[in-house]
Amino acid sequence: MSKLKHGAAMAAFAIAALCSCGGNAGSDGAAQADVDSLATRADMTLVLDSIKVHWLKDNEGDKLMPPALFDAPDSLMSRLGLLEGVPSSVSAFLVECGGRRILFDTGNGAADSRLMAELDSLGLDGGDIDYVMLTHLHGDHIGGMLLDGDVVFDCAEVYVARQEYDGWRQMPDGKGARAMEVLGRYGERLHLFEYGDSLPCGVVALEASGHTPGHTAYRIGQLLVAGDLIHGVALQLSCPDYCASYDMDKVRAVRTRRAMMDYACDEGLTVVGMHFPPTLYVDCLMDE
Ligand SMILES: [Zn+2]
């Protein structure tokens with residue numbers, strides 16, 4: 001059984017969540033993760049072997065997701081202390097590796113978005129990003145790619161799973177139009193890849209579909225960038241069978257969530273997600 005260790009500005013919510021899933025989460029009784037320890041890792045910057053990870057919090061202030069976003073019963077949400085909301089963020093991650101800079105997702109691109117200010121605080125602007133790798137094409141992940149209609153990352157090569165791109169291109173009722181427009185602005189610098197492909201800097205793209213048609217997790221070294229695989233950590237880390245309403249294919253999303261966390265634990269990876277509460281790095285420990 002895998003072990004999860006949680007870093008960061010941990011609040012009581014997470015500790016409660018780790019202990020309280022009970023029998024409500026799944027039919028096979030295996031929903032609750034085996035969590036045996038907690039650790040603190042509160043820095044916005046994390047060094048993992050030869051890579052440096054910067055947490056770029058895009059939303060202003062604190063963020064709580066409404067409990068109704070999740071299909072978990074009120075009784076469970078109450079027991080987890082989540083009736084007021086699920087601690088969250090909109091985040092992107094900058095990884096420095098071998099002198100190159102990879103930006104994983106780009107936040108909302110809203111008027112109060114902080115992505116560019118966060119980059120600025122590191123002495124960087126859009127032109128300093130070598131690669132943009134997108135977990136999926138929801139607006140809170142690609143919104144920062146254009147600013148006032150202009151391309152922000154004007155030197156970057158952009159990577160998207162072909163399965164994700166095709167899924168949105170074929171979406172009915174014009175639902176994919178905005179995503180196609182944004183990506184189209186990057187012209188020949190847009191690269192569509194297959195799962196398992198090795199991308200620049202040794203990044204490996206892993207299928208994590210369910211949330212969207214071609215949702216992608218990225219592994220670089222011992223880091224797993226999980227995108228929206230886990231939307232509400234305080235609920236879904238210990239009770240992975242519950243979904244956020246944003247998961248387009250819920251059956252697949254549950255299967256993927258379980259499989260990907262098992263993989264992370266088998267490999268001893270550190271996991272970050274775009275809606276984890278700020279600076280919550282999850283260390284997955286290998287079995288002894
Ligand atoms: Zn999202």
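Reader: Which residue in β4 stands opposite L46?
Author: V53 in β4 stands opposite L46. Keep in mind that this is a predicted model.

Reader: Which way do β3 and β4 pair, and over how many bridges?
Author: Antiparallel, over four bridges. Strand β3 covers residues 45–48.

Reader: How many residues sit between the strands in that hairpin?
Author: Two residues lie between β3 and β4. D49 in this hairpin has a positive phi near 55°.

Reader: What does β4 do with β7?
Author: Strand β4, residues 51–57, pairs with β7 over seven bridges. The sense is antiparallel.

Reader: Which β7 residue is opposite I51?
Author: That is C97.

Reader: Is β7 largely enclosed or open? Why?
Author: Largely enclosed by the rest of the structure, because six of its seven residues are buried. The strand spans residues 91–97.

Reader: What joins β7 to β8?
Author: Five bridges, with the two strands running antiparallel. β8 takes in residues 100–104.

Reader: Zoom out. What's the strand order in the sheet?
Author: β3-β4-β7-β8-β9-β12-β13. That makes seven strands in an open sheet, and the pairing is mixed.

Reader: Which strands are at the edges?
Author: β3 and β13. Each of these pairs on one side only.

Reader: How much are neighbouring strands turned against each other?
Author: By 25° on average, with direction ignored.

Reader: Where's a parallel pair?
Author: Look at β9 and β12. They pair in the parallel sense over three bridges, and β9 is residues 131–133. V132 stands opposite V158 in β12.

Reader: What holds strands together in general?
Author: Strands of a sheet pair through backbone hydrogen bonds, parallel or antiparallel.

Reader: Switching to helices. Which residues of α5 are buried?
Author: E164, Y165, G167 and W168 are buried in α5, which runs over residues 162–169. They sit on the same side of α5, because they cover an arc of only 160° around the axis.

Reader: What do the buried residues of α5 pack against?
Author: Four elements: β12 (157–161), α6 (177–184), β13 (190–193) and β15 (216–220).

Reader: How does α5 lie on the strands?
Author: α5 lies across β12 and β13. Its angle to β12 is about 75°.

Reader: Now a loop. Where is L82?
Author: In the loop between α2 (74–79) and β6 (86–88).

Reader: Buried or exposed?
Author: L82 counts as buried, because it has 23 C-beta neighbours inside 10 Å. The cut-off for buried is 20 or more.

Reader: How far is L82 from L235?
Author: Their C-alpha atoms are separated by 8.3 Å. Along the chain, the two are 153 residues apart.

Reader: Totals, please. How many helices and strands?
Author: Eight helices and 18 strands.

Reader: What share of the residues is buried?
Author: 49% of the 288 residues.

Reader: And what share of contacts joins residues at least 24 apart?
Author: 73%, counted among contacts between residues at least 6 apart in sequence.

Methods: Residues numbered from 1 in each chain as written. Predicted model: local features only at pLDDT ≥ 70, side-chain atom pairs only at ≥ 80, totals over all residues. Buried ≥ 20, exposed ≤ 12 C-beta atoms within 10 Å, placed from the backbone. Pairing = 2+ DSSP bridges. Arc of directions from axis to C-beta. Contact = placed C-beta atoms within 7 Å. Axes fitted to C-alpha atoms, helices over the stretch in contact; angles between N-to-C directions.
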